[in-house]
Amino acid sequence: MKRLWTIIEKESLDNLRDYRSWVTGLFWAVFGPILLGGLILLLGNTIRDRVNGSITLPVQGAEYAPNLITFLEQQRIVVEPAPLDPQAAVIAGDVNVVLVIPPGYGESFSAGKPATLQLVFDSTRQSAVVDITVVRNLLEGYSEYIGALRLTVRGVSPEVIRVIRIEDVDTATPQSQALVFLSMLPYFIIFAIFNGAAPVIIDATAGERERASLEPLLINPLPRGWFAVGKMLAAVPFALVNLLVTLAGFAAIFQLLPVEELLGVQIRLSLDTLTAIFLVCLPIVLLACAIQTLIASFTRTTKEAGTYLPFVGLVPALPGIALAFLPVKPDLWTMLIPTFGQQILINQFLRSEPILLSNVIISAVLTLLLSVLITWAAIKFYENERIITGK
Amino acid sequence: MIEVENLSKSFGKVRAVQHVSFTAPDGQITGLLGPNGAGKSTTLRMLYTLLRPQDGTARVDGFDIREAPLEVQRRIGVLADARGLYQRLTTRENIRYYGRLHGLGGEALERQIDRLIDMLDMRAIANRLTEGFSTGERLKVAIARALVHDPRNVLLDEPTNGLDVMSTRAMRQFILRLKDEGRCVLFTSHIMQEVAALCDQIVIIAGGQITAIGTPADLRRLTGKDNLEDAFVAAIGTEEGLER
């Protein structure tokens, strides 16, 4: 046991002195919070502009439909003269949407025939979608309003042409939009854990082989598997530090940024939530160290290890990206998949949803079991002489 | 004492070592001599328990390398073919790490490290990071960490490889000193002159097999050649490995 500690102590000291590599690892811990903070600032400002500002609508041929223009202006639309070539202006991205009123509009309108209006827009431009929808809805509202007046004049109740009425019951709160961001959090947390451990593991396994110090090391009178375990455990503190830093980073982001003002919702990462997330992530720390130790032990150079390990960290983080778009219920099967279960649990903690203790335990036990299994495989590999011959 | 019995090892179709047997007694220097690729390093790697023999075995101070590898490891000090150091650790830290892995510690370990640093004339580099050390300096650190637990049996794989003339002389003095301390010294070399100058017993190995074994005088008599150089050529069948 004392000699296992000797290995951990040496690897820690050795890697602490290699400040370049652990600073690189640490970079991934702050990367998530910084990226998320940037996204919140960016989207927050856009949302605020939408809510507060009025829409500017370039109109061509405004003189043909003075009543329509008055109606639009009453609905907080700022009407301005359209550019000479509306289509070119939309394609160039100068304006989001242009209303074109043809000269024959007044004539058709007076004759009681459908009067044609043109909306020029690019439906693939995400930033224009809100403007397009608002303008279209207003125009349809105007059409309905005039139609109803015409029927009334003819002594017909407008209700006759209203076959159905749709009532929108939208359960999305302003909060759900912000929660899309929160769903990315588990992804960043897991990525930070993996990348905290990676530099240490690469140096202790592939690096040991590369600098030709593995062979003399293994001649020391210890069961060979201990070296695998020692190297794995040496990476744990580095992964833990990354986990703590990244959690602190997220807490700081939500503390420092005026999230409520930007997104219209309050997100609080209380100390309790942070502690819960930290505890749920502990088995992942072991898994990250174990799986990376096993894989890096097979590689011959640090360069080779450096090309594989980032993918290893990406794989368990992928469900986190999916979670941002596809909500998954915290069913039992999800808890059976190591790292996936934890990501769902982290999401639940963030949303202050009720959490089943059994889910927490099942996901932790399975992740730990997998870690032990992988560690065992690493021990077996170290006991095999292939670790020396490299074949 | 190291007793080797019928040791054999193949890598795929390549028979690296075949039926090698010899005994390296305490207080003597045994040289394993042969051209590159003769099977010297593979033999040594089996002796220091890193490779498992396919057939045969060996005993170090009576402990079988297959059955009691940890006991063997405690009794051997090894300068392996791979002698990489930890570049971000100092000389002293490199040696201390191996000492601790042998279960040593505290004052006793520090005194032993001091002794080795004095013996190998490393005081100037004792507290420097080993990054940028010369070949000779790296070799000294590698030897010191191999001997930190004061082993009775010392195995050296090509100990003078890459050294300049002065360092080679110092290395040879050091090997003689290990012998005078009563240790069993087994070293490999592909340089005939080196083996001739140092060894009490020479084991000539070629193509994975022992072709001749004995004292320098025995070898001369055995091959019917007057000088050892000719005896060596006769034993391995080529002139490869002669230093000119």
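This is a predicted model: local features need pLDDT of at least 70, side-chain atom pairs count only at pLDDT 80 or more; totals for chains, interfaces and linings use all residues.
In chain B, six strands are arranged as an open sheet of mixed pairing, in the order S6-S7-S8-S3-S9-S10. The edges of this sheet are formed by strand S6 (76–79) and by S10 of chain B, each of which pairs on one side only, and the twist from one strand to the next averages 15 degrees. S9(B) and S10(B) run antiparallel and are joined by five bridges; within this pair of strands, B:Ile204 stands opposite B:Ala212 of S10(B).

Helix H1 (residues 40–47) of chain B lies across strand S3 (29–33), strand S7 (153–157), strand S8 (184–189) and S9 of chain B, and its direction makes about 150 degrees with that of S7(B). H9(B), in turn, lies across S9 and S10 of chain B, running at about 40 degrees to S9(B). In this helix, which spans residues 228–236, the buried residues are B:Leu228, B:Ala231, B:Phe232, B:Ala235 and B:Ile236. Because these residues cover an arc of only 115 degrees around the axis, they lie on the same side of H9(B). Such an arrangement can be read against the geometry of the α-helix, which has 3.6 residues a turn, so that residues three or four places apart point the same way. Just after H9(B), a positive phi of about 85 degrees is found at B:Gly237.

Chain A contains an open sheet of four strands with mixed pairing, in the order S2-S1-S3-S4. Strand S2 (77–81) and strand S4 (118–121) of chain A are its edge strands, each pairing on one side only, and the twist averages 30 degrees from one strand to the next. Strand S3 (residues 97–100) of chain A and S4(A) run antiparallel, with four bridges between them, and A:Leu99 has A:Leu119 as its bridge partner in S4(A). Helix H3 (residues 66–74) of chain A packs on this sheet, where it touches strand S1 (55–60) and S2 of chain A, and its direction makes about 135 degrees with that of S2(A).

The largest nonpolar core comprises 142 residues, and those with the most contacts inside it are A:Ile193, A:Ala197 and A:Cys289. Helix H8 (residues 185–210) of chain A gives the most to this core, contributing 16 residues. When neighbours within four places in sequence are left aside, A:Ala197 is in contact with A:Ala235, A:Phe238, A:Ala239, A:Ala288, A:Cys289 and A:Gln292. Another core, of 16 residues, lies apart from the largest one and includes A:Ala65, A:Leu68, A:Ile101 and A:Val135.

Between the two chains, 18 residues of chain A are in contact with 22 residues of chain B. On the side of chain A that touches chain B, the elements giving two or more residues are helix H1 (2–17) and helix H9 (214–218) of chain A, and the largest share, five residues, comes from H1(A). By class, this side of chain A has seven nonpolar, three polar and eight charged residues.

Methods
Residues are numbered from 1 along each chain as its sequence is written. Chains are lettered from A and ligands numbered from 1 in the order in which they are written. A residue is buried if 20 or more other C-beta atoms lie within 10 Å of its own, exposed if 12 or fewer, and partly exposed in between; C-beta atoms are placed from the backbone. The arc is that of the directions from the helix axis to the C-beta atoms. A nonpolar core is a set of buried Ala, Val, Leu, Ile, Met, Phe, Trp, Tyr and Cys residues joined through C-beta atoms within 7 Å. Two residues are in contact if their C-beta atoms, placed from the backbone, lie within 7 Å. Two strands pair if DSSP finds at least two bridges between them. Axes are lines fitted to C-alpha atoms, for helices over the stretch in contact, and angles run from 0 to 180 degrees between N-to-C directions. Ala, Val, Leu, Ile, Met, Phe, Trp, Tyr, Cys and Pro count as nonpolar, Asp, Glu, Lys and Arg as charged, and the others, Gly among them, as polar.
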